[in-house]
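Please look over the sequence and the structure shown here before reading on. The briefing that follows is meant to be read alongside them.

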Amino acid sequence: MKIRKALLLASVMTVVSATGVAADPARDAILGAYARQAASERGGFEGFSAARGERLYLGPHTGGNPQTPACATCHGPDPRAPGRHVKTGRPIEPMAVSANPRRFTDAADVEKRFARDCPNVLGRPCSAEEKGDFITFLTGR
Amino acid sequence: MRIRLPLLLFALAFGTASAEASELERVPPVAHAETAKECGECHMAFQPALLPAAGWTLVMDGLKEHFGENAELPRDTSAGIREYLTTRAGRTGDPRLMRITEQPWFVREHRHRQSVRQRPDIRSKTNCPACHPRAEAGIYEDD
């Protein structure tokens, strides 16, 4: 019994250290909703990928506003550090959940930012899969 | 008397201009949570007194193309912000201009050498706190 408990604890700790932060129910719910939407948008959807999220974050992309070819243009190449709005100079709180645990915990806010920033960077809206990849990447950083 | 009239007019005109500028050196800070949050994400949340009501109406009518960026808000959020900004708007300024930085009082108060403008931490004329550390509190007299 004691061994089982220890094993369980170890596996929980592995999950926590793998993602870098403890899970947040609100963030899980947001990711869950994007996963359901992604599955309905694309038949072969097999779950989110932090690696795809990182590529989306770092870009560079074409098609959007040439001043903002990547999320990293304003948020910075290291998402654990604060960013800076490229036009206004306004500081932006870190995107990485480890540095800013409130990230991706307000569904309406998350949708609002994707709705604005995807067109700014990509010149089109993001898919649910891209949104989930993005959050997965930053939750692990 | 003939000599003094132009002097008087000059003094009056000058007095009005500086009164307008000094009226804007201390303005009430933003005291509306949604305005502070939504407007303050990409730039400082500018105080309502910095634009006349008609200027704020132009800004709020054009959020979809807000100085080159999409800044759209849910309808009820944007209605609350519009109400807050227009009812507390400034008494001075050109109502046709929606850029605070193009208002005549702003231009007059910001005639700097080019070297000042190029300080890397400023980036934009809209970055008030770069030079006015208490700008968020509505205090601009300490430049």
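The points below concern a predicted model and are grouped by topic.

**Layout of chain B**
- Chain B contains 6 helices and 0 strands, and its elements, read from the N terminus, follow the order α-α-α-α-α-α.
- Of the 143 residues in chain B, 24% are buried.
- When contacts in chain B between residues at least 6 apart in sequence are considered, 63% of them join residues at least 24 apart.

**Nonpolar cores**
- The largest nonpolar core comprises 20 residues, and those with the most contacts inside it are Met44(B), Ala45(B), Phe46(B), Leu50(B), Leu51(B), Trp56(B) and Leu85(B).
- Two or more residues of this core come from each of helix H3 (53–61) and helix H4 (75–87) of chain B, with H4(B) giving the most, namely 3 residues.
- Another core lies apart from this one and has 19 residues, including Ile30(A), Leu56(A), Ala96(A) and Ala128(A).
- Not counting residues up to four places away in sequence, Leu51(B) touches Trp56(B), Ala89(B), Gly90(B), Gly93(B) and Ile100(B).

**Leu58 of chain A**
- Leu58(A) belongs to helix H3 of chain A, which covers residues 50–58.
- Once neighbours within four places in sequence are left aside, Leu58(A) is in contact with Ala70(A), Ala72(A) and Pro77(A).
- Leu58(A) and Leu31(A) are separated by 27 residues in sequence and by 21 Å in space, C-alpha to C-alpha.

Notes: Residues numbered from 1 in each chain as written. Chains lettered and ligands numbered in written order. Predicted model: local features only at pLDDT ≥ 70, side-chain atom pairs only at ≥ 80, totals over all residues. Helix = DSSP H or I, 4+ residues; strand = E, 2+ residues; numbered from the N terminus. Buried ≥ 20, exposed ≤ 12 C-beta atoms within 10 Å, placed from the backbone. Contact = placed C-beta atoms within 7 Å. Core = buried A, V, L, I, M, F, W, Y, C linked by C-beta atoms within 7 Å.
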